[in-house]
Number of protein chains: 2
Amino acid sequence: MQYVSKYEQMPVTKVNDTYERRWVKTDKLMLVNAEFTDGPCDKPDPFHSHPHEQVSYMADGEVYLFVADEEKVHLKSGDKFAIPPNVPHTIQRLTSFVRIIDCFTPVREDFL
Amino acid sequence: MQYVSKYEQMPVTKVNDTYERRWVKTDKLMLVNAEFTDGPCDKPDPFHSHPHEQVSYMADGEVYLFVADEEKVHLKSGDKFAIPPNVPHTIQRLTSFVRIIDCFTPVREDFL
């Protein structure tokens, strides 16, 4: 097994022109480096949800996080959040570059 | 449920004078912000292992990562690694400040 993934050598999934994903995983656990370059955005993305549990770390940039019907929260580097299964959430990017580290269990098969 | 954990407001576990942990979790998933201020170190910590799956993100600083009997790897900000259950691993901190984001499934009950 390859334990280490150096940033420069990781396969990149270009979801679109301004959204890239790089990931590592074990059997039931996935860490996704999500990078966005479309900010600042004047509105949030549409809400989404998934049956996977999610915990996330704001690595770079700033966003508004929206979860369910809670008030939006301003997040910056160092902040974290936790999303239980099937709870709707989304972000609005406030800076030109945003990197979020998203971890999921089980693995997001739709990201492979 | 509290979805968001702002860095400044998170409870801190001071493991020792130079090692702090802050964490968020869902049911089966835990994200740990581990910060070390004892580097640079002239040798690695002792190897350790756990039955939990682990994926990690190097947020700040540089380390050598040692996994099982593999050659050590130099990691810097942006690099990732994945540790299956019960595989021995450790780090040697190379910079004065090191922050690693460690994710585990199941939750590390020993960190609560």
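Tutor: Let us begin with a definition. A residue counts as buried if 20 or more other C-beta atoms lie within 10 Å of its own, as exposed if 12 or fewer do, and as partly exposed in between. Please note that this is a predicted model.

Student: How many C-beta neighbours does A:A68 have inside 10 Å, and how is A:A68 classed?

Tutor: A:A68 has 13 such neighbours, and therefore counts as partly exposed. A:A68 is found in the loop between β6 (62–67) and β7 (73–76) of chain A. B:A68, in the loop between β6 and β7 (73–76) of chain B, is partly exposed because it has 13 neighbours inside 10 Å.

Student: Is the peptide bond from B:G39 to B:P40 cis or trans?

Tutor: That bond is cis, with omega near -5°, and B:P40 is placed in the loop between β4 and β5 of chain B. In chain A, a cis bond with omega of about -5° joins A:G39 and A:P40. A:P40 sits in the loop between β4 (30–36) and β5 (53–60).

Student: How many residues of chain B are in contact with chain A?

Tutor: In chain B, 32 residues contact 32 residues of chain A. The chain B side divides into 20 nonpolar, four polar and eight charged residues.

Student: Which strand does β1 of chain A join?

Tutor: Two bridges join β1 (residues 4–5) of chain A to β8(B), and the strands run antiparallel. A:V4 has B:F81 as its bridge partner in β8(B).

Technical notes:
Residues are numbered from 1 along each chain as its sequence is written. Chains are lettered from A and ligands numbered from 1 in the order in which they are written. This is a predicted model: local features need pLDDT of at least 70, side-chain atom pairs count only at pLDDT 80 or more; totals for chains, interfaces and linings use all residues. Two residues are in contact if their C-beta atoms, placed from the backbone, lie within 7 Å. Ala, Val, Leu, Ile, Met, Phe, Trp, Tyr, Cys and Pro count as nonpolar, Asp, Glu, Lys and Arg as charged, and the others, Gly among them, as polar. Two strands pair if DSSP finds at least two bridges between them. Helices (H or I, at least four residues) and strands (E, at least two) are DSSP runs, numbered from the N terminus.
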